[in-house]
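Biologist: Could you take me through one part of this model closely, namely the charged side chains and the aromatic rings that accompany them? Please state the cut-offs as you go.

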Amino acid sequence: MTQCSLEAPYAEDFMRGLSPVTLGFFALFLLLSLSTCGLFMELWVYLSRNISCTLIKDRCLIILGLFPVITIAAQLGMTVPRAAALVDLITSVYTGAALFAFFHLTVAYLGGEEEMLDRIQTVDSDLSVGPCCCCFLCLPRIRINRRIYTVFRIGISQTIFLLPIMNFIIAVLWTDGKYFKEKGDTRSPVFYLGIVMMISTLLSLFVFNIMIKTGLKIAEQRYRLLPKYSIVMIAVVINSLQPLLIEVLTAYNVIPSTEEFHWHGRASEFNHMLKVVEAFILMLLSRRFYRKPYPPSETEALSFVNTVRCTP
């Protein structure tokens, strides 16, 4: 096995050391990244022409923009290994914004905040949902009132602030050389920062699951809320939990050093490779569920009863 270096290589040295086969894979990753961006531009044009509601259109574009952001950041992180922490910081910031945008999109689908609260209080909400409490079937059901809704909103939005802060600290430690930890070294601050990020993500997913599962009881099927939600949640898991998992695998040499990836930050390199492929697949899935002419008019009904007038 190649001995791992503690220092990430410069971009020029890294690209020069790649074998022809690895360069071919890098060219394939670049093609996938360009395809993801191309699909986003096509969706941008389509939604701009077919959705008259500015609120719905803007939220959809923010959510869909997550995938080109992921793929561009991952492509840069692959090519410039020393910038990996910086691109992860940018991705985490945008992921939090996209997650919150989806929350507002869901509220809009349910008729706006007032209409949603009026309707959602008429149905029971299950607390025994994943990823935190799916095994606790004995948990009681609740009715979501305005106070509980405020708490849930804080639980979702905390990722917008916490994840970027954690990634910023990791970026600072990266410059100090602490990002590359020894095998099995649980004393590394990055290890515990990753755990905090994982807890933050799981909490957000838990609250989101409660809201979505309740919202599905009052939402119309044509909104395709469940598949849209699933795509966003997969993207959040990819950005928050996947790096920690790959870091653990590399720490115990499950992902070993190779001739091309011979430094301890190879976990970041493999993580970015996976992200390019995953972002392309999620972009394809998103195209299926978002590419539809909704709403066709300025006063399209967003709930069973009331309508929400969209800003032109």
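Modeller: What follows begins with the salt bridges, moves on to a lysine and its surroundings, and ends with the aromatic pairs. The model is a predicted one, in which local features need pLDDT of at least 70 and side-chain atom pairs count only at pLDDT 80 or more, while totals for chains, interfaces and linings use all residues. Residues are numbered from 1 along each chain as its sequence is written, and side-chain values use heavy atoms, with hydrogens and water left out.

The structure holds two salt bridges, a salt bridge being a side-chain nitrogen of Lys or Arg within 4 Å of a carboxyl oxygen of Asp or Glu. In one of them Arg287 is paired with Glu42, and the closest N and O atoms are 3.2 Å apart. Arg287 belongs to helix α11 (residues 266-290) and Glu42 to helix α2 (residues 20-50), so this pair ties together parts that are 245 residues apart in sequence; helices here are DSSP runs of H or I with at least four residues, numbered from the N terminus. Glu42 also forms a salt bridge with Arg291, where the closest N and O atoms are 2.9 Å apart. That pair again links distant parts of the chain, since Arg291 is in the segment after α11 and Glu42 in helix α2, 249 residues apart.

As for accessibility, buried means under 20% relative accessible area, exposed over 50%, and partly exposed in between, with a 1.4 Å probe and protein chains only. By that scale Arg287 is partly exposed at 31%, Glu42 is partly exposed at 26%, and Arg291 is partly exposed at 32%. The charged end of Arg291 also sits over the ring of Tyr46, 4.1 Å from the ring centre, where the criterion is NZ of Lys or CZ of Arg within 6 Å of the ring centre and within 35 degrees of the ring normal.

Lys228, in helix α9 (residues 225-240), is buried, with a relative accessible area of 3%. Setting aside residues up to four places away in sequence, Lys228 touches Phe102, Tyr109, Tyr223, Phe289 and Tyr290, a contact meaning heavy atoms within 4.5 Å. The charged end of Lys228 sits over the ring of Tyr290, 4.8 Å from its centre. The C-alpha atoms of Lys228 and Ser286 are separated by 7.1 Å, although these residues are 58 residues apart along the chain.

Turning to the rings, the structure holds five aromatic pairs; rings of Phe, Tyr and Trp (its six-membered ring) pair if their centres lie within 6.5 Å, and planes under 30 degrees apart count as stacked, over 60 as edge-to-face and the rest as tilted. One of these pairs is Phe26 with Phe29, whose ring centres are 6.4 Å apart and whose planes are at 65°, so the pair is edge-to-face. Both residues lie in helix α2, three residues apart, about one turn of the helix, with Phe26 buried at 6% and Phe29 buried at 10%. The rings of Phe100 and Phe103, by contrast, have their centres 5.9 Å apart and their planes at 15°, so that pair is stacked. Phe100 and Phe103 both lie in helix α5, three residues apart, and together with Tyr149 they form one aromatic cluster.

Terms used: Helices (H or I, at least four residues) and strands (E, at least two) are DSSP runs, numbered from the N terminus.
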